[in-house]
Amino acid sequence: MLNEDLLQTFKKCLSASELEEFFRHHHEMMQQEEERIRQALADDDLPALGHAAHKIAGSAGTPCLPLVYRLSLDLNEAVRIGHREQARTLAAQLLTARPKAWKMLVDRLPQRNPD
Amino acid sequence: MSSGTYSHRILVIDDDPSLLYLCATVLLKEGYQVDYAANQAEALPALEQNEYSLVVLDLNLPDGDGLEIGRRLQQRQTPFLVMTVRSQPAERLLGFESGAADYLIKPFLPHELTHRVRRILPSWEEQARQQNNSRVPLGRWQFDLKRQALVAEDGQMTRLTGGEFKLLAALITADGRVISRDRLSTVVAREEGGGHFRTVDVLVSRLRKKIEDNPRQPEIILTITGAGYRLEKSTDAQ
């Protein structure tokens with residue numbers, strides 16, 4: 001769920017407050033994209049699903065969350081090749097995995113107030 | 001470690017706030033000036049108003065094609081670094097075709113960004129040194145002939161209209177000698193509905209507002225009563 005080495009790399013580059021601010025931006029964006037995924041699933045909108053997966057895969061903080069990263073890349077690929085059912089399954093897994101990974105990350109950033 | 005200088009100004013264009021924050025934070029620590037834009041609508045005015053040493057560009061912008069910005073940057077000879085997601089190899093190719101100096105696969109680590117920026121800027125600096133021949137010091141400004149603009153010490157760029165550019169270029173070429181209004185009206189004849197003395201006066205007035213500290217008491221573009229205008233020589237070749 002967490003890539004500790006990468007998290008350490010970020011910790012070396014950013015101060016505690018910068019790290020908190022960085023992940024706050026990341027979390028807000030993830031929440032927006034999760035909402036887009038829910039809407040895309042409801043609308044059965046495959047391109048929108050792919051777009052959200054693309055955004056999550058490319059977001060700066062995602063490598064710290066390897067499962068989320070892999071699911072978003074797989075989802076993007078499933079959309080690209082038109083595997084609708086596989087995409088829907090991956091999207092559901094992503095919606096479950098991301099908040100769990102975020103909670104683990106928050107535990108490593110003790111100064112953050114989880115929401 | 002700090003390897004940049006505050007003379008290098010970098011624009012980062014991406015709609016991911018966490019990525020913008022990360023880029024800005026690490027580049028500032030390296031000693032670069034950093035601006036950022038979340039979309040094309042924010043990026044285009046920034047590019048118009050400022051001169052950047054480098055642009056870090058995401059091709060997938062919410063309000064337009066990042067490649068279009070890339071083409072503009074290539075025309076302006078501003079180096080740019082394209083950011084793409086791993087699953088989009090075609091984007092990388094498109095980025096290079098549009099003239100990108102290099103690319104970064106998103107998501108990337110902070111060091112990757114700073115290493116690539118350091119690699120691009122020295123080679124760009126060599127180009128810039130060659131381009132400096134096209135710049136003429138003008139008071140606290142640099143008159144950039146290629147870009148038809150005035151560049152301030154902090155990199156802020158003020159665009160000139162065609163008429164303003166031609167008139168200023170004529171005064172600089174005269175190397176401190178007086179040029180008559182008649183001659184200047186010929187120079188700007190095709191611009192600004194020109195061809196009249198009044199047009200020359202209006203253009204001079206507009207230029208003074210752009211370059212003079214006090215346009216009412218000009219120290220750069222001087223009026224020589226009954227003769228025309230001349231550029232104060234001490235300001236044009238320091």
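B:Q77 is found in the loop between α3 (66–75) and β6 (80–85) of chain B. Its phi is near 60°, a positive value in a residue other than glycine. B:Q77 is partly exposed, with a relative accessible area of 41%. Partly exposed is the range between buried (under 20% relative accessible area) and exposed (over 50%), with a 1.4 Å probe and protein chains only. Helices (H or I, at least four residues) and strands (E, at least two) are DSSP runs, numbered from the N terminus.

This is a predicted model: local features need pLDDT of at least 70, side-chain atom pairs count only at pLDDT 80 or more, and totals for chains, interfaces and linings use all residues. Residues are numbered from 1 along each chain as its sequence is written, chains are lettered from A and ligands numbered from 1 in the order in which they are written, and side-chain values use heavy atoms, without hydrogens and water.

**Backbone points**

- A:D44 also has a positive phi without being glycine, near 55°.
- A:D44 lies in the loop between α2 and α3 (46–58) of chain A. The residue is partly exposed, at 39% relative accessible area.
- B:K106 and B:P107 are joined by a cis peptide bond, with omega about -10°. B:P107 sits in the loop between β7 (102–106) and α5 of chain B.

**Chain A**

- Chain A has 5 helices and 0 strands. From the N terminus on, its elements run α-α-α-α-α.
- Of its 115 residues, 52% count as buried.
- A:L19 belongs to helix α2 (residues 16–43) of chain A. This leucine is buried, with a relative accessible area of 3%.
- A:L19 and A:L7 are 12 residues apart in sequence. In space they are 9.7 Å apart, C-alpha to C-alpha.

**The second largest pocket**

- A pocket is an open set of points on a 1 Å grid over the protein atoms alone, where a 1.4 Å probe fits, with protein on both sides within 12 Å along at least five of seven lines. Lining residues have an atom within 4 Å of a point.
- The second largest pocket has a volume of about 210 Å³. Volume here is the space filled by probe spheres set on the points, which are joined across faces, edges and corners.
- The lining has 11 residues. Nearest the pocket's centre lie A:C13, B:E30, B:H111, B:T114 and B:R118.
- Both chains take part: α1 (4–13) of chain A, and α1 (17–29) and α5 (110–131) of chain B, each supply at least two lining residues. α5(B) gives the most, with 5 residues.
- The lining divides into 4 nonpolar, 3 polar and 4 charged residues. Ala, Val, Leu, Ile, Met, Phe, Trp, Tyr, Cys and Pro count as nonpolar, Asp, Glu, Lys and Arg as charged, and the others, Gly among them, as polar.
- B:E30 is placed in the loop between α1 and β2 (33–37) of chain B. At 8% relative accessibility, B:E30 counts as buried.

**Aromatic rings**

- The structure holds 4 aromatic pairs over all chains. Rings of Phe, Tyr and Trp (its six-membered ring) pair if their centres lie within 6.5 Å; planes under 30 degrees apart count as stacked, over 60 as edge-to-face and the rest as tilted.
- B:F143 and B:F165 form a tilted pair, 5.6 Å centre to centre with 40° between the planes. B:F143 is in strand β9 (residues 141–144) and B:F165 in helix α6 (residues 162–173) of chain B, so the pair ties together parts 22 residues apart in sequence.
- Both B:F143 and B:F165 are buried.
- Ring pairs link A:F10, A:F22 and A:F23 into a cluster.
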